[in-house]
Amino acid sequence: MIVKELRQPGVILICTDKDCRKDGCKQLQCDIRACIRNAGLKGSVRIQKTKCLGPCGKGPNAMVYPGATLFTRIGADDVAAIVEAAAVGAR
Ligand code: FES
């Protein structure tokens, strides 16, 4: 018998709805993508665009899985912590 453990990648859902677009979700996507690449986590952490996550006006907002951790008012200084949260959760 062969048993192979399948790992789920961490997922960062980035809200791209109206309010978060105004709050800079495009730049956030670029920053997170660059962070994933620079950390060598491509394939372990992926980005997915999503509709409204709820806390409109406090954006840009993102939800990290596994764990369903919501991040609001994300700034450039928060990107590494968000990617790390997704990577740790995926292990
Ligand atoms: S528009 Fe982004 S959380 Fe509602």
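**Notes on the predicted model**

1. The exposed residues K26, Q27, C30, A34, R37 and N38 lie on the face of α2 that is turned away from its buried side. Helices (H or I, at least four residues) and strands (E, at least two) are DSSP runs, numbered from the N terminus.

2. This is a predicted model, in which local features need pLDDT of at least 70 and side-chain atom pairs count only at pLDDT 80 or more, while totals for chains, interfaces and linings use all residues. Residues are numbered from 1 along each chain as its sequence is written.

3. The buried residues of α2 are C25, L28, D31, I32 and I36. Viewed down the axis of α2, these buried residues fall within an arc of 135° (taken from the directions from the helix axis to the C-beta atoms), so they line one face of the helix. An α-helix has 3.6 residues a turn, so residues three or four places apart point the same way. Just after α2, G40 has a positive phi of about 70°.

4. The sheet is open and has four strands in the order β2-β1-β3-β4, with mixed pairing. Two strands pair if DSSP finds at least two bridges between them. β2 (45-50) and β4 (69-71) are the edge strands, each pairing on one side only. From one strand to the next the twist averages 25°. Helix α2 (residues 25-38) packs on the sheet and touches β1 and β2, its direction making about 160° with that of β1. Axes are lines fitted to C-alpha atoms, for helices over the stretch in contact, and angles run from 0 to 180 degrees between N-to-C directions.

5. Strands β1 (residues 10-15) and β3 (residues 62-65) run antiparallel and are joined by four bridges. I12 has V64 as its bridge partner in β3, and V11 has Y65. On the other pairing, β3 and β4 are antiparallel over three bridges, with A62 opposite F71 in β4.

6. The largest nonpolar core has 19 residues, of which I12, I32, A62, V64, I82, V83 and A86 touch the most other members. Such a core is a set of buried Ala, Val, Leu, Ile, Met, Phe, Trp, Tyr and Cys residues joined through C-beta atoms within 7 Å. β1, α2, β3 and α3 (79-90) are the elements that give two or more residues to this core. The largest share, five residues, comes from α3. Not counting residues up to four places away in sequence, A86 touches G10, V11, I12, V45 and V64; two residues are in contact if their C-beta atoms, placed from the backbone, lie within 7 Å.

7. I74 lies in the loop between β4 and α3. It counts as buried because it has 24 C-beta neighbours inside 10 Å. Leaving aside neighbours within four places in sequence, I74 is in contact with L28, P60, N61, A62 and I82.

8. The backbone has several points to check by eye. The peptide bond from G59 to P60 is cis, with omega near 0°, and P60 is in the loop between β2 and β3. The bond from Y65 to P66 is also cis, with omega near 0°; P66 lies in the loop between β3 and β4. Most residues other than glycine have a negative phi, and most peptide bonds are trans.

9. β3 and β4 form a hairpin with three residues between them, and G67 in the turn has a positive phi of about 110°. A68, a residue other than glycine, has a positive phi near 50°. A68 counts as exposed because it has 9 C-beta neighbours inside 10 Å. R73, in the loop between β4 and α3, is not a glycine either and has a positive phi of about 45°. With 12 C-beta neighbours inside 10 Å, R73 counts as exposed.

Conventions
Buried ≥ 20, exposed ≤ 12 C-beta atoms within 10 Å, placed from the backbone.
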